[in-house]
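Trainee: I've got a model open and want to learn how to read it. Can you walk me through a few features?

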Amino acid sequence: MVETAVVLGPGGPVGTAWLAGLAAGLRREGVDLGAADLIVGTSAGAIVGAILAAGGDLDRLAVRPPPTDPGGVRTDPQRLTEVFATLGDTGLERAEALRRVGRLAVTASTGGEDASIARMRFLVGAVEWPDRPLLIPTVDAETGEAVIWDRYGSASLPEAVAAGIAFPATAPPITIDGRRYIDGALRAGTNVDLAGDARVLIVAEPMAHMFGTDGVTAGEGTVVRLVPDAEAIEAFGPDVTDHATWEPAYQAGVRQAPEAAGRIRACSVIT
């Protein structure tokens with residue numbers, strides 16, 4: 001059984017900023033989430049999880065990082081509308097819905113893979129996988145099947161993160177060994193089940209106010225859930241893809257850190 005696991009959920013750019021601020025604030029309080037025995041990072045959580053696992057500088061994200069290629073990654077609004085319509089179609093089996101959104105992802109006009117990988121390399125600040133266990137979920141765009149990347153796989157860390165955040169029609173699918181991969185949130189939301197046997201499970205969910213919290217518990221262990229409070233939600237605004245709210249979202253995470261640190265210290269030994 002894993003002693004302590006940290007699960008960081010999806011949330012777009014705004015969720016990335018909040019997670020980074022929360023983790024940075026926790027470090028200042030003497031609680032380093034990067035010291036957990038396992039980190040699971042989904043979508044936005046993949047970026048922050050990779051920084052934590054590598055012992056990187058979270059304060060780099062206090063200010064919205066400039067685009068490494070302003071003409072690179074972009075959203076395809078028409079395809080994005082089709083993606084949400086497909087995912088919301090109750091007449092489709094989940095596997096078929098994932099295959100269809102995978103096809104939409106491949107045909108969407110979202111820019112090149114190289115730009116997305118370069119962006120993740122810049123944000124994470126590392127190229128090599130850290131020694132600390134880190135899992136990044138993705139979904140095969142053709143088959144709809146889940147693939148979980150770690151340091152033993154064939155993807156570089158920036159490739160795995162870029163694939164993990166590639167929500168259809170907002171970022172390009174990433175090709176690894178001839179297969180294309182998309183956002184890991186399509187597998188199972190926050191993907192808490194990947195760390196469900198931990199004695200202490202710390203789950204940070206930036207989008208809990210929109211979609212609720214993941215119902216998976218840590219077996220017989222303890223679960224600490226960290227979600228945006230009312231002030232943070234106000235700072236986010238209505239659109240989690242709005243880069244204009246990056247800095248307020250980061251500071252909202254920092255502000256919530258002292259209370260979160262107290263809850264974590266009550267049941268965990270990570271420092």
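Mentor: Let's start with serine 43, which counts as buried because its relative accessibility is 8%. Buried means under 20% relative accessible area, exposed means over 50%, and partly exposed is in between (1.4 Å probe, protein chains only). Keep in mind that this is a predicted model, where local features need pLDDT of at least 70, side-chain atom pairs count only at pLDDT 80 or more, and totals for chains, interfaces and linings use all residues. Residues are numbered from 1 along each chain as its sequence is written, and side-chain values use heavy atoms, with hydrogens and water left out.

Trainee: Which residues does UniProt list for "active site"?

Mentor: The unreviewed UniProt entry lists Ser43 and Asp183. They are spread over 141 residues of sequence, yet they cluster in space, with a largest C-alpha distance of 6.1 Å. UniProt positions use the numbering used here, feature names are shortened, and annotations may be inferred rather than shown by experiment.

Trainee: Is aspartate 183 buried or exposed?

Mentor: Aspartate 183 is buried, because its relative accessibility is 2%. Aspartate 183 sits in strand S6 (residues 179-183); helices (H or I, at least four residues) and strands (E, at least two) are DSSP runs, numbered from the N terminus.

Trainee: What does serine 43 touch?

Mentor: Contact means heavy atoms within 4.5 Å. Leaving out residues up to four places away in sequence, serine 43 touches Pro10, Gly164, Ile165 and Asp183.
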